[in-house]
Amino acid sequence: MKQVVQNYKNGELAVLEVPVPGCKPGGVLVRTAYSLISTGTELMKVSEAGMSMLGKARSRPDQVAKVVQSVATNGLPATYRKVMGKLDSYTPLGYSLCGVVEQVGTGIDDVKAGDLVACAGNEHALHAELNWVPKNLYTPVPDGLAPRHAAFGTVGSIAMQGVRRGEPQLGDVALVIGLGLIGQLVVQLLAASGVRVIGVDPDPVRCELAERLGAAACGDPASAAVENSVAELTGGHGVDQVYLAAGGGSNQPVELAARLSRDRGRVVDIGKCRLDLPWNAYYEKELDVRFSRSYGPGRYDPEYELEGRDYPIGYVRWTERRNLACFLDLLARGRVDVEPLVSHTADFADAVETYQRLKDGDLKAVAVLFRYPGHPDHAVEAEAPVVAVPAVRRGGGVSTRARYANASVRLAFVGAGNYATSMLLPHLERRDGVELATVVTTTALSAANAKRKFGFAEATTDLDAVLGDPSIDAVFVVTRHSSHAELTQRALRAGKAVFVEKPLALNQDELSGVLAAVEESGNDRLQVGFNRRFAPLLQEARKRFGARTGPASLRYLVNAGRLEHGSWYLRQGTEGTRFAGEGGHFIDTASWLLEADPVSVYAVATPGNEDLQVVLRYPDGSTATIAYVTTGSPGFPKETLDLIADGKVLRLDDFVRAAVYGPQRWVSSRLPKARDKGQSAELSAFIKAVRTGGPMPVPLESLVATTAATLAVQAGLAGGAPVTLARAR
């Protein structure tokens, strides 16, 4: 079998062919599916191995002390031979994995061959194809939990033990210093425990990731933002606990901990950072400094780890193994999410290259996984995951009602937030043939404000009354993303035409629910707010480009920019990812230009899913690449698009200018003009369809295909392979 090893003397890394370990009593032989690189602990080892002998000595003074003692006891020649022999040997790497039990040793009755288990231990959960793991260092993986996520079990247990040492209580405020892999998990565990968390890290990308995963605020240790957040959340008293999850030689973390702790607060050291405690600061507040020892009670106890002697639960509630099982349970129940932490997944055969890229800084990562051949989901990934595009079935329950030509279309708005009041209602408030009948909001004042500003006849918080009003022709759903699918279903079943802002759905169940409402009610009068295909400038450019005969290549750059702190778009647990919320805009535009629906989706992301690259493939061989980035300059245009086919190029610059290059060149006016992204034309088309009973502006099948492709992006990121979009029949 193969195993990743390192020579500590010269720093050499290798994937070595070694014998298969035997299956001893009291443990199991596990074939690895995924193993996790600890980008903190393991990279520290890799970096130390590349140092000079003097550098190694400086980095490990504890080992130098042992060498000095050995010289005094055994003499210099014997000590030298011993040290050189130890240094010039291969040592293993790795301590967190998930795999399948291949063989069960005697005395084991809680798992059997074929079971999926998570394993821990820097001598037993190595980056190797097979590992022998003693009983107290593995635990079964809950049903439904992906192996790639279960591979986080050990580092999750380290973070969990650190949180337990802090003894947080509901309503506490905690500071997490260092937002690497362990720090990100500590943030999530504290948030799941009802603690408000403030994160500290010099990396703004990690700060933003921690905020998405539950932190109330994050910032650079040198900025005033962190101290201001602590003062605001604690009333000036200071935080209840500080968790040191940072590494390095700076003493700044322990000094910051003292400054921002409350009187008699707790400081928990989880990482390996410098700990020169400023005596006055710690004494005056009588701070309680605690150390968190790895995965929990049992660590470094050979009777527990190697001989399988458990501690009675009445005396030691949380041991290594119980922490491991608890963390997997939280993952399985969705209380902790590790997928956003996965910056890169590499094949095990590429282990040496991956370590080198991490060491050199070419690969910036929070967490990196090794994927092994023959693992449980390998066959699925090799064949490409499949996402079903639900079939559209129309029942016969609701007849299409055409209005008289001179009759006004009566509209109800559900929601009156920023988008509704800035991008939709201004185009409707004085439009002929439109009557703004009712606005529905969850708070009375916002409904009253919308009524006053836009001239609604009624304002209410009672949605049922609006849906039951037969005079209402169409309902606009302009609420937060998590409610779109439910409100759309209710309005369709009430027999209303529906205009729902994107997205139509945040998951497959929601999309299926909308289509079930269409089939059961017979009402297919639905439009999703994909407005860009209606933009006059893009419509003109497409007309000038003309028909095409061969496959096309489309490139769409979306310079989305960063969100402001506190934006509800960051609440991925309830509102979905940012791309799930607005990515449909760009997929719909690409599909409209290419005159087809995509058949596959491939997605890759930078660390933390900050920037996405989405590749769509179409039936005729055309491709569309959507680069959705948040790290670009705000001075650069937000949207630029190029369509290339048949010796022609269509260029769109942020809906301000457009050009077509071909036999006859066309360039739009270069005079500055307001960006028109098509909202007004889209609303006109929708109102016309409602008034006349004619077809909706975009076929329902296209809306469903775009939504399914948008949802497939997340599946593609999780699986690391193209996702086939299969049309259900």
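Student: Is the crossing of H21 and H23 right-handed or left-handed?
Tutor: Bear in mind that this is a predicted model. H21 covers residues 536–545, and H23 covers residues 578–594. Their crossing is right-handed.

Student: How do the directions of H21 and H23 compare: roughly parallel or roughly antiparallel?
Tutor: Two packed helices are described by the angle and the distance between their axes. Here the axes come within 11 Å and cross at roughly 30°. An angle under 35 degrees counts as roughly parallel. So H21 relative to H23 is roughly parallel.

Student: How many salt bridges does the count come to?
Tutor: Side chains of opposite charge can pair when their charged atoms come close. Here a side-chain nitrogen of Lys or Arg must lie within 4 Å of a carboxyl oxygen of Asp or Glu. By that rule, the count of salt bridges is 33.

Student: Which residue forms a salt bridge with Glu17?
Tutor: Glu17 lies in strand S2, and its partner sits in strand S1. The pair therefore ties together parts 15 residues apart in sequence. Glu17 is exposed, at 55% relative accessibility. The closest N and O atoms are 3.3 Å apart, and the partner is Lys2.

Student: Is Arg322 buried, partly exposed or exposed?
Tutor: Arg322 meets Asp310 in a salt bridge, 2.9 Å from N to O. Arg322 is in helix H13, while Asp310 is in the loop between helix H12 and H13. Asp310 is partly exposed, at 42%. Under 20% counts as buried, so Arg322, at 18%, is buried.

Student: What is the relative accessible area of Glu639?
Tutor: Glu639 forms a salt bridge with Lys677, with 3.4 Å between the closest N and O atoms. The two are 38 residues apart, with Glu639 in strand S28. Lys677 counts as buried at 16% relative accessibility. Glu639 is also buried, and its relative accessible area is 1%.

Definitions and conventions
Residues numbered from 1 in each chain as written. Predicted model: local features only at pLDDT ≥ 70, side-chain atom pairs only at ≥ 80, totals over all residues. Heavy atoms only, no water. Axes fitted to C-alpha atoms, helices over the stretch in contact; angles between N-to-C directions. Helix = DSSP H or I, 4+ residues; strand = E, 2+ residues; numbered from the N terminus. Parallel < 35°, antiparallel > 145°, perpendicular 65-115°, else oblique. Left-handed = near helix turned anticlockwise from the far one by under 90°. Buried < 20%, exposed > 50% of the residue type's maximum accessible area, 1.4 Å probe, protein only.
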